[in-house]
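Reader: I have a sequence and a structure to read, and I would like to know where the labels come from. Please take me through them.

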Amino acid sequence: MSSTVERFINQLIKKIDRPDGVELECRVHITDHAYRWYFALNNSIKTTLHQTLESIADLEIQYQRKVELGAFKHIEYIQITNGRRLMESRGITPKNDEILVAFQHLEAAEFNVPWWDDTKREIAEIWSSNKTFYGVKRNQADRIFDAMKIVECIVQAPDTALLPDIRTLSAALYGDSKKLESKSFTGLIRNLILPHIDDDVVELAEDGTKLLEYFGIGKYPTPMRFKADGQLQCQGVIDLSALHYGIGVSPDEISGIEWGKRPPYVLFIENRASFERYVREIDDSGVIIYTAGFPPRSWTRAMEIIIADLRSAVPIYHWGDRDVGGYRILAFLAKRLDTDIQPYLMGVEIQAQTQTQTNAEPEERPVADLMRALESARGYPSISALYEALATHPLDNLPWIEQEQIIPISPLKK
């Protein structure tokens, strides 16, 4: 069948193929507006088209009854006498049949995820409206089921669990070691899981890859870096005081830590360059922990072990950028570790002269955005104090202070 005939019939079928069922009989007027491309064809092609349409049993053709002498007689309307049979003859599955099959697949799909039944209902409603669910059509349900496999894996894994690297996990779940590296696929995973995780994670995990990294699923397991003077308990005991610049260790290996002398403070540092500079330039017995920006879920379990005996005994600080991202990380750490964490070198009082010299004009961040980033952790005194300082700030904006611009200084000296 020619492409012209195929196009014409497909356009007719769109009039009868509805989500609630196929319209069996229908009169379709062939107007210049809807079928402009048909009227633009040359007369030879239109004649061939007419002959083919006349040979189709489920169509009755009515040509224009009034035309000028010598003018080409176009189709005025087409009467479809059996819509379902017409679609069957073209090998086209009706939308209603697709929906029923898709719903059957949805109903049969089971995942050990608390909110999966609610998600199924949402998907069914969207497909019933002839729309896609985050780009997934109703005849592509397997894409959603594949995405739910990794969602189930994440939801069922304890916070303390260290998941396999991304390629090992991908091969185990899908028989394809690179499937979890597809941006469109990880984007679907992100859309499925976002409504059910911490708002601070939502804001910082801007794509599917970042979200998987938060749950500890990346190309390579990332050791957690920190510096302390104590006895780290893993398979054996490591004397951390022998390591001037700290240690990197897989978080699932950490089972405890003993302090010969109680450290004076704990400092979380968001940025790798600032962490490296701090541990080289500051020589005291504070506990310095690198968070890698927004810390992976598996890291927070190790952080809890490290600060377990310190949380109510010494001040705990977080040093990050003075921007929305830095403040969200601060709020997340306070909630996740359930401890009061003081903002360090990132408060309202930090002024431009604290920074190293730069010729660039300072970017500004709206104070209202900074306050919203802290909103979820206002129950912790230090964060509440920062929130109130922002609320009473006389200006609408604050300069963005990137922590690499600030010269490291120990809390003991500040």
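Predicted model: local features only at pLDDT ≥ 70, side-chain atom pairs only at ≥ 80, totals over all residues.

Reader: Why is the pair of Phe-8 and Tyr-35 called tilted?

Author: A pair of aromatic rings is described by the distance of the centres and the angle of the planes. Rings of Phe, Tyr and Trp (its six-membered ring) pair if their centres lie within 6.5 Å; planes under 30 degrees apart count as stacked, over 60 as edge-to-face and the rest as tilted. The centres of Phe-8 and Tyr-35 are 5.3 Å apart and the planes stand at 40 degrees, so the pair is tilted. By this rule the count comes to 17 aromatic pairs.

Reader: Where in the chain do Phe-8 and Tyr-35 lie?

Author: Phe-8 is in helix α1 (residues 3–16), and Tyr-35 is in the loop between β3 (26–29) and α2 (36–39), 27 residues apart. Helices (H or I, at least four residues) and strands (E, at least two) are DSSP runs, numbered from the N terminus. Ring pairs also link Phe-8 and Tyr-35 with Trp-37, Tyr-38 and Phe-39 into a cluster.

Reader: What makes the pair of Tyr-214 and Phe-332 edge-to-face?

Author: The planes of Tyr-214 and Phe-332 are at 80 degrees and the ring centres are 6.0 Å apart, so the pair is edge-to-face. This pair links distant parts of the chain, with Tyr-214 in helix α11 and Phe-332 in helix α14 (residues 324–337), 118 residues apart. Tyr-214 and Phe-332 are both buried.

Reader: How do you know that Val-136 is buried?

Author: Buried means under 20% relative accessible area, exposed over 50%, and partly exposed in between (1.4 Å probe, protein chains only). Val-136 has 0% relative accessibility, so Val-136 counts as buried. Its place is in the loop between α6 and α7 (141–156).

Reader: What makes the contact of Arg-65 and Glu-76 a salt bridge?

Author: A salt bridge is a side-chain nitrogen of Lys or Arg within 4 Å of a carboxyl oxygen of Asp or Glu. For Arg-65 and Glu-76 the N to O distance is 3.3 Å, and the side chains meet in a salt bridge. Arg-65 is in the loop between β4 (59–63) and β5 (75–80), and Glu-76 is in strand β5. By this rule the count comes to 20 salt bridges.

Reader: Why is Arg-65 called exposed, and why is Glu-76 called partly exposed?

Author: The relative accessible area of Arg-65 is 58%, so Arg-65 is exposed. Glu-76 has 26% relative accessibility, so Glu-76 counts as partly exposed.

Reader: How do you know that Glu-110 forms a salt bridge with Lys-120?

Author: The closest N and O atoms of Glu-110 and Lys-120 are 3.7 Å apart, and the two residues form a salt bridge. Glu-110 lies in the loop between α5 (95–108) and α6 (116–128), and Lys-120 lies in helix α6, 10 residues apart. Glu-110 is at 57% relative accessibility, so Glu-110 counts as exposed. Lys-120 is at 9% relative accessibility, so Lys-120 counts as buried.

Reader: What is said to lie over the face of Tyr-77?

Author: A charge sits over a ring if NZ of Lys or CZ of Arg is within 6 Å of the ring centre and within 35 degrees of the ring normal. Arg-27 lies over the face of Tyr-77, at 4.1 Å from the ring centre. Lys-46 lies over the face of Phe-72, at 5.1 Å from the ring centre.

Reader: How much space lies in the largest pocket?

Author: The largest pocket holds about 740 Å³ of space. Of its 31 lining residues, the closest to the centre are Lys-210, Glu-213, Tyr-214, Phe-294 and Pro-296. A pocket is an open set of points on a 1 Å grid over the protein atoms alone, where a 1.4 Å probe fits, with protein on both sides within 12 Å along at least five of seven lines; lining residues have an atom within 4 Å of a point. Grid points are joined across faces, edges and corners, and a volume is the space filled by probe spheres set on the points.

Notes
Residues numbered from 1 in each chain as written. Heavy atoms only, no water.
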